[in-house]
Amino acid sequence: MENSILEELKGSVARGDVSRFIAMMFEFAVSKQASDIHIEPLSTVVIVRLRMDGILQKILEYPLTMHSGVVSKLKIMSNLKIDEQRIPQDGRINMRVKSGELDLRISSYPTINGEKIVIRILDKNKKLPSLEELGIEGSNKEVLLQALNNPIGILLTTGPTGSGKTTTLYTCLQRLNKEGVNIVTIEDPIEMKLDGLNQSQVMPQIGYTFASGFRSILRQDPDIIMVGEIRDQETLDVAIEAALTGHLVLSTLHTNSAAQTITRMIDMGEKSFLIGATVNAIIAQRLVRKVCPYCKKPYTPTVEMFEEIKKTLSDVSKKELYARLPEDMITHVQLYKGEGCEKCEGTGYKGRIGLYEILVLDKDTKRMVLENKPADDIEKVAIRNGMISLKADGIIKAIGGKTTIEEVYRVIKGK
């Protein structure tokens, strides 16, 4: 089916049929489970790339003479100004394709070769994954469930853009979504509509921001509040206030590790004793590509790699290792790689899974927060008390054949 859609897509380019090209482009992107479409004008041609499993891949190109028609059509569909090509614009399209309903976020950006278009695809029919499907396993799952069972406090997710933070929050909210609780969210954008939640989207152009919306939520008699992102001290202050007055707050921050989230909050102006009193847990995460199950092959790591693995896993308890890996995988370490096949289009990867570290603020880490200790010191104590680092979680998944060691090191970048 994918090949037939691609052939129809190429045929629409040959005919110069802009409307059919756009329709087939969306169909093909959804069939490939792409998260974004990039339409990029170069000096002689326009290329179309899809972000699949976090990596951009070129699918086709079309002549520059067709580009103005494509841009104009997309602008009309998303209610953007057709005659404005000097400044970036953002819009939105709701449309239906064969697979179901799509919510598309359109961003235009002026370049020297013409306007570049990036389209974020939010598939409304996409099934929300479970904690296990996300990659939250072993003690990580245990401590996260404990944090979710706490009716008050703050649970934060952190990581770079595109690391799956919002999906993790949605999965948590799905577990909390029961008849007896009032869950209210403020998001930018609403990436998935969930029955039972009161979801709202910010509109900064009219002054409806995360901070102002958050204060309004507190007058809605909420039990659980989800704020899409804590971007400033005002929003952070309201989150602290909400937790202190008996609410469970879920949100995201942009930092590189769980421990660095604490120092980031202090840098934003929050008092350390309030952080220690309200934050239940902090999740740091990354997304890695999964090894293709159809062409996956084991291999023995080099001596240097084995020593690196051994050093990293020395911080992980035997109980954790044996809970997550069969004994023979621990005693005879092998790694895996995909050789490349038709199913994975020669990449050796198919799908993605998360790497997680979850910092629980216990009495030791709370004391360090109060003493304003550096993030590295807090992280060391947390690992000593049982936290699984991103690197360790990734290596355990690599030994278990879920990803490759190269993917782990690609996303953790020296951690």
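**Helix H14 and its surroundings**

Guide: Helix H14 has buried residues that pack against helix H9 (258-267), helix H10 (272-278), strand E15 (349-360) and helix H15 (375-384). Contact here means heavy atoms within 4.5 Å. Helices (H or I, at least four residues) and strands (E, at least two) are DSSP runs, numbered from the N terminus.

Visitor: Which residues of H14 are buried?

Guide: In H14, residues 363-370, they are Thr365, Met368 and Val369. Buried means under 20% relative accessible area, exposed over 50%, and partly exposed in between (1.4 Å probe, protein chains only). Seen down the axis of H14, the buried residues fall within an arc of 105 degrees, so they line one face of the helix. That arc is the one of the directions from the helix axis to the C-beta atoms.

Visitor: Before I go on, what kind of model is this?

Guide: This is a predicted model, where local features need pLDDT of at least 70 and side-chain atom pairs count only at pLDDT 80 or more, while totals for chains, interfaces and linings use all residues. Residues are numbered from 1 along each chain as its sequence is written, and side-chain values use heavy atoms, with hydrogens and water left out.

Visitor: Okay, zooming out: how many helices and strands are in the protein chain?

Guide: The protein chain has 17 helices and 15 strands. Its radius of gyration is 23 Å, close to the 22 Å that the globule rule gives for 415 residues, so the chain is as compact as a globular protein of that length. The radius is taken over C-alpha atoms, and the rule is 2.2 Å times the number of residues to the power 0.38.

Visitor: And what share of the residues is buried?

Guide: Of the 415 residues, 50% count as buried.

Visitor: New topic: where is there a cis peptide bond?

Guide: A cis bond joins aspartate 188 and proline 189, with omega about -5 degrees. Proline 189 sits in the loop between strand E8 (183-187) and strand E9 (197-201).

Visitor: What about phi at aspartate 53?

Guide: Aspartate 53 is not a glycine, yet has a positive phi of about 55 degrees. Most residues other than glycine have a negative phi. Aspartate 53 lies in the loop between strand E2 (45-52) and strand E3 (55-63).

Visitor: And asparagine 79, buried or exposed?

Guide: Asparagine 79 is exposed, with a relative accessible area of 70%. Its phi is positive too, about 60 degrees, and asparagine 79 is found in the loop between helix H3 (67-77) and strand E4 (89-97).
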